[in-house]
Amino acid sequence: MIVLAVDLGTSATKVVAVDAQARVVASTERKYPMRTSGVEATHDPHQVLNAALDALAELASEDVKAISLTGAMHSIMGLDASLNPVTESLSWADNRAVEQTERLRGTPEGRELHQATGAPIHSFTPLMKLAWFHENGVRAAKWCEIKDFVHLHLTGELLNEHSSGSGTGLMNIRTLRWHEPSLEFAGVTADQLPPLVEPTHSTPLKAAIPGLRPGIPVIVGGGDGPLGNLGVGAAAPGSGAVSLGTSGALRVAQQGPGVDEEGRTFSYAIADGLWVRGGAISNGGVVAQWASETFGIPVGDLLAQAAPVDSDGLVALPYLLGERAPWWDPTAHAALLGLRREHTPQQITKALVEGVCQQLALVLDAVPHVESLRITGGAFRAPVWAQTLANTLGRPLHLTEDTGGSAVGAALLAWRALGEIESLTVDLVQPTRTITPDEDAITRYAKARPFVAKVYRALEELYNEGTGPRT
């Protein structure tokens, strides 16, 4: 028997068939565009829905016991009274709410909302996007995330859950209810949002999908970040997961919610009382892509050439796309410090890789009780990324490959809901290899890290004063 996990991604929906031992037995995906224009980044809700229905039909069989959902967090879309879309679905990458964010970021009200909701004050959150809609006169009868919209069409029920809800900036992470001060700031009411349920909540399938039995359970699921931990076997308290693709994230599982007092981290739910604390970074493999385009060297060749190279005093703040954790600053600027005429493309690239890894280390510094770290993501195909990250984090890293990530996490939620596994902390995913850090490099990177933080704060102050060059 299998469950079908639906992963609603930024550029495609993937459906993965997973057995009760967390083995992927089949998968398929349907691509769709993310529409971008300036600071806007949106999806057509019906394109995403049709991709999910089509992919489910391809893998449908009598062996399917349940469907489970996951997807990119922080989306928001408006519905009319008949539950039809009246806006596009704004993705996490949509930054139209920068002005609203900057007004709240760093204020006592902003700090209180971050502590109460577990979500940072940043333009990617639905909290900020709803404030933008409200200030610009856009109204809707209901507001939901894109996963909620797909669940609605599968089951006839519009629901959100504590995992995705914890990423909205609208849910109180201790009461597990919509947070009234957040709603007031966003200009919405609780009855305009879907009811909140447990991620393992089950609703019968009502959509007619060829090959699937009507009435099989549809598990509401959770956000792709927290379920990514579950999917790589890092859901037990103290277990961490680092994902690195174009962007990246570091999340450590813990019992119960909570962020650090300085507001450097987020706090998102998995299920069964398990949460993750950590942060996402906006700049991961994108820095190597930028270097490749700038220097005219294929990215794989450039990273291979950079691997044995010393960055020779270069320090990079790799904020090509602003930055999220731990600064939560969409206006952050990239910088190269110590640049001289003799520096090579390979040294600059190595400095950029080091800058990304230092950013993840700054996130790790804000998370208590870390026992182990697993890594996954396309960037780690280039060995320079894994070794530099191990050196920067100062820990062995356990690589998990081809696991299916968040989709496997969603499948495990389904097996848990069906009673086939006793606990979400069961480790069914085994790493393929371990990357051991170099002791001398650990010391060198640890000494450099306070300088990175100091330079960011100094540049932020200059730009805020208006004495820095504007872009």
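**Exercise 1. Find the ring that Arg96 covers, then list the salt-bridge partners of Arg96.**

*Solution.* Start at the ring: in this predicted model, Arg96 sits over the face of Trp132, 4.9 Å from the ring centre.

Next, turn to the charged partners. Arg96 makes a salt bridge with Asp94, with 2.8 Å from N to O. A salt bridge also joins Arg96 to Glu40, where the closest N and O atoms are 3.7 Å apart. Because Arg96 belongs to the loop between β8 (89–90) and α2 while Glu40 belongs to strand β5 (residues 40–43), this pair ties together parts that are 56 residues apart in sequence.

Finally, check the burial. Arg96 has a relative accessibility of 13%, so Arg96 counts as buried. Asp94 is buried as well, whereas Glu40, with a relative accessible area of 34%, is partly exposed.

**Exercise 2. Work out which parts of the chain the salt bridge between Asp329 and Arg105 ties together.**

*Solution.* Begin with the contact: the side chains of Asp329 and Arg105 meet at 3.4 Å, N to O. Now place each residue. Asp329 is in the loop between β20 and β21, and Arg105 is in the loop between α2 and α3, so the bridge connects parts that are 224 residues apart in sequence. Asp329 has 2% relative accessibility and therefore counts as buried.

Then follow the shared partners: salt bridges join Glu102, Arg105, Asp329 and Glu460 into one network. For the whole count, expect 23 salt bridges.

While you are at the loop between α2 (98–104) and α3 (108–117), look at Thr107, which is found there too. Thr107 is partly exposed, with 23% relative accessible area. From Thr107 to Ile121 the C-alpha distance is 9.9 Å, and the two are 14 residues apart in sequence.

**Exercise 3. Classify the aromatic pair of Phe266 and Trp328, and say where each ring lies.**

*Solution.* A search of the whole structure gives seven aromatic pairs. For Phe266 and Trp328, the centres are 6.4 Å apart and the planes make 45 degrees. Angles under 30 degrees count as stacked and those over 60 as edge-to-face, so this pair is tilted.

Phe266 is buried at 4% relative accessible area, and Trp328 is buried at 3%.

To finish, widen the view: Phe266 and Trp328 belong to one aromatic cluster with Phe124 and Tyr268.

**Exercise 4. Which geometry do Tyr319 and Tyr456 show, and are they buried or exposed?**

*Solution.* The centres of Tyr319 and Tyr456 are 6.0 Å apart and their planes are 85 degrees apart, an edge-to-face pair. Because Tyr319 lies in the loop between β20 and β21 and Tyr456 in helix α14 (residues 439–465), the pair ties together parts that are 137 residues apart in sequence. Both Tyr319 and Tyr456 are buried.

Helix α14 spans residues 439–465; look also at Arg444, which lies over the face of Tyr445 at 4.9 Å from the ring centre.

**Exercise 5. Find the nonpolar surface patch that includes Leu321.**

*Solution.* Start from Leu321, found in the loop between β20 and β21.

How values were computed
Residues are numbered from 1 along each chain as its sequence is written. This is a predicted model: local features need pLDDT of at least 70, side-chain atom pairs count only at pLDDT 80 or more; totals for chains, interfaces and linings use all residues. Side-chain values use heavy atoms; hydrogens and water are left out. Rings of Phe, Tyr and Trp (its six-membered ring) pair if their centres lie within 6.5 Å; planes under 30 degrees apart count as stacked, over 60 as edge-to-face and the rest as tilted. Helices (H or I, at least four residues) and strands (E, at least two) are DSSP runs, numbered from the N terminus. Buried means under 20% relative accessible area, exposed over 50%, partly exposed in between (1.4 Å probe, protein chains only). A charge sits over a ring if NZ of Lys or CZ of Arg is within 6 Å of the ring centre and within 35 degrees of the ring normal. Patches are made of residues with over 30% relative accessible area and no salt bridge: like charges are joined within 9 Å, nonpolar side chains (Val, Leu, Ile, Met, Phe, Trp, Tyr) within 5 Å. Accessible areas come from the Shrake-Rupley method with a 1.4 Å probe; for residues, only the protein chains shown count as cover. A salt bridge is a side-chain nitrogen of Lys or Arg within 4 Å of a carboxyl oxygen of Asp or Glu.
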